[in-house]
Amino acid sequence: MTKIRLIAALLVLGLVLVVPTLVQCQRLNDQVLTAYRVQVLNQKLSKGPISQRIIFDPRTKTYPLDQYWIGARPNDTDFSGHFRLGYTKDSLVIEATIVDDILFDGRPDPLEKYWDDDCLEIFLDPDASGGPHQYSHNAWAYHIALDHTCVDFGPSEKPAIYSHAHTQTVVSKLPNGSSQTIWTVKVALHKDNYQDAKLATDLANKAVQPAKQNRIGFALAYCDNDGSPERENFIGSVPVPGQDKNQGYKNAWIFGLLEFK
Ligand SMILES: [Ca+2]
Ligand SMILES: [Ca+2]
Ligand SMILES: [Ca+2]
Ligand SMILES: [Ca+2]
């Protein structure tokens, strides 16, 4: 091989090795959602359920859950969902309206295959850095179960419960046999230097205030199972390119962007 051919071959090899890395280092969803401030209406209710304390302005924009990450498009009886966003001084607030014909929690142990029970999944990347996060706190994939337990993988590579200092949830079911539930979740924005072994009061574990953030990485999804061994549908808020759309639990590049106003 001549010297020129050798250099050309090395250049092609270099491109093959470098291009996939470059592609993975781009944010894939540049749609920006905007959150509006939510008023805490009555301080006397500060110990009550958050659904009573936080009332959204009815004019607040809603966003659809309409990206089919796992499973074909469900019919409107099986699943439909939308959500709106707001924030208080210390937390992001999500109000998701979900229609699901059968509410299913087949595994009472909150750490056992929780993604295969009905759950709302909140993807958060408070510094909007993107990047891998399955076994780190670079970003979060909070799975909120019907019993309000919030679980994600941590650096221990085992699932852990984060309900206490990270999320407060109320799941309200409408009366008269309606299949609609309202999930109101108040979620703190914890930084990537969060340490599981330290107390919630430790400085590293202090959440950042939404008003001090410009943009955060954000997506929302619902895992719908109506009694099968595994979840039947996984419906997200952002498009995910490629064949494997189940990326959110490990790849913060697929999150959208949420801007506070
Ligand atoms: Ca369903
Ligand atoms: Ca469960
Ligand atoms: Ca991050
Ligand atoms: Ca279900």
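This is a predicted model: local features need pLDDT of at least 70, side-chain atom pairs count only at pLDDT 80 or more; totals for chains, interfaces and linings use all residues.

Colour by burial next, and 35% of the chain's 261 residues count as buried.

Now for the inside. In soluble globular proteins, nonpolar side chains tend to be buried together. Here, the largest nonpolar core has 54 residues. Select Ile94, Ile122, Leu124, Ile144, Phe218 and Ala221, the members that touch the most others in that core. Then highlight strand E12, residues 215-224, which supplies the largest share of the core with seven residues.

Which residues is Ile122 in contact with, once neighbours within four places in sequence are left aside? Show Ile94, Tyr142, Ile144, Val185, Val187 and Leu220 to see them.

Last stop: a loop. Go to the stretch between strand E11 (180-187) and E12, and pick out Asn205. Is Asn205 buried or exposed? Count the other C-beta atoms within 10 Å and you get 20, so Asn205 is buried, the cut-off being 20 or more. To see what surrounds Asn205, select His190, Tyr194, Gln195, Lys198, Leu199 and Ala200, its contacts beyond four places in sequence. Finish with a distance label from Asn205 to Gln195: these two sit ten residues apart along the chain, and their C-alpha atoms are separated by 6.5 Å.

Note on methods
Residues are numbered from 1 along each chain as its sequence is written. Chains are lettered from A and ligands numbered from 1 in the order in which they are written. A residue is buried if 20 or more other C-beta atoms lie within 10 Å of its own, exposed if 12 or fewer, and partly exposed in between; C-beta atoms are placed from the backbone. A nonpolar core is a set of buried Ala, Val, Leu, Ile, Met, Phe, Trp, Tyr and Cys residues joined through C-beta atoms within 7 Å. Helices (H or I, at least four residues) and strands (E, at least two) are DSSP runs, numbered from the N terminus. Two residues are in contact if their C-beta atoms, placed from the backbone, lie within 7 Å.
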